[in-house]
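Please look through the sequence and the model shown here, and then follow the explanation below, which takes up one part after another.

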Amino acid sequence: MSSSRTASAIDRVFAVLLAVIPMGMGLLAFVNNISDWNHSVVEVITPLLTLTGLRDATQFSWRAFPSGLVPVCYGFVTSIEQTVGIVALVSVATMLRKFRAAPADFIAACRIAQRACTLGVITWLLYFFVLGGDWFLSWKSKSLLFIQSDALMYASAVAF
């Protein structure tokens with residue numbers, strides 16, 4: 001095998017491995033969310049969205065969501081995380097199927113992974129940082145400080 005073919009094969013292996021990251025993160029986030037649904041809704045999502053974690057900051061209560069919307073919001077985010085995982089899974093399968101195909105065909109498969117990564121970054125940055133951090137002020141609640149570090153972990157990995 002020539003060195004350019006070897007380099008191309010290595011590049012393709014790396015592309016597949018990079019797509020495995022949002023696939024794993026999206027699918028595992030979905031499984032984790034649904035397997036501990038009640039605890040997460042009660043202990044994390046409800047205090048976050050209803051702003052009950054901010055007992056001493058009543059001036060922000062206008063931002064609070066009604067508690068009835070909490071499971072709907074959590075379900076929405078969970079379904080988007082699942083979508084990230086599924087789109088990345090499709091990408092990995094397509095890249096493996098097109099592994100020995102012409103460069104244009106393999107690159108087309110890589111574009112699916114780019115979409116998964118973009119959706120993942122938007123999801124985890126938007127919901128954890130923008131909404132969780134700035135709108136719902138998780139950084140002001142001692143019990144919710146982990147939310148932004150989780151977002152950073154997810155978004156950083158998917159961005160790479």
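This is a predicted model: local features need pLDDT of at least 70, side-chain atom pairs count only at pLDDT 80 or more; totals for chains, interfaces and linings use all residues.

Is Phe136 buried or exposed? With a relative accessibility of 5%, Phe136 counts as buried, where buried means under 20% relative accessible area, exposed means over 50%, and partly exposed lies in between, as judged with a 1.4 Å probe and protein chains only.

Residues are numbered from 1 along each chain as its sequence is written, and side-chain values use heavy atoms, with hydrogens and water left out. The predictor's confidence in each residue is given as pLDDT, from 0 to 100; the chain has a mean of 88, and 97% of its residues reach 70 or more. Within the chain, confidence is highest in helix H3 (residues 70-97), at a mean of 96, and lowest in helix H5 (residues 146-159), at 73. The helices named here are DSSP runs (H or I, at least four residues; strands would be E, at least two), numbered from the N terminus.

We can now turn to the aromatic rings. A pair of aromatic rings is described by the distance of the centres and the angle of the planes. Rings of Phe, Tyr and Trp (its six-membered ring) pair if their centres lie within 6.5 Å, and the planes count as stacked when under 30 degrees apart, as edge-to-face when over 60, and as tilted for the rest. Searching the whole structure gives five aromatic pairs. One of them joins Phe65 and Phe136, whose ring centres are 5.1 Å apart and whose planes stand at 75 degrees, so this pair is edge-to-face. It links distant parts of the chain, since Phe65 is in the loop between helix H2 (37-49) and H3, whereas Phe136 is in the loop between helix H4 (103-135) and H5, 71 residues apart. Phe65 is partly exposed, with a relative accessible area of 30%. Another pair is made by Phe99 and Phe106, with ring centres 6.2 Å apart and planes at 90 degrees, so that this pair is edge-to-face as well; both Phe99 and Phe106 are buried.

The loop between H2 and H3 also holds Leu51, a buried residue with a relative accessible area of 7%. Phi of Leu51 is near 60 degrees, which is a positive value in a residue other than glycine.

Next come some residues within the helices. In helix H3 one finds Tyr74, which counts as buried at 7% relative accessibility, and the C-alpha atoms of Tyr74 and Val41, 33 residues apart along the chain, are separated by 7.4 Å. Helix H4 contains Ile112, which at 19% relative accessibility counts as buried. For Ile112 and Leu126, 14 residues apart along the chain, the C-alpha atoms are separated by 21 Å.
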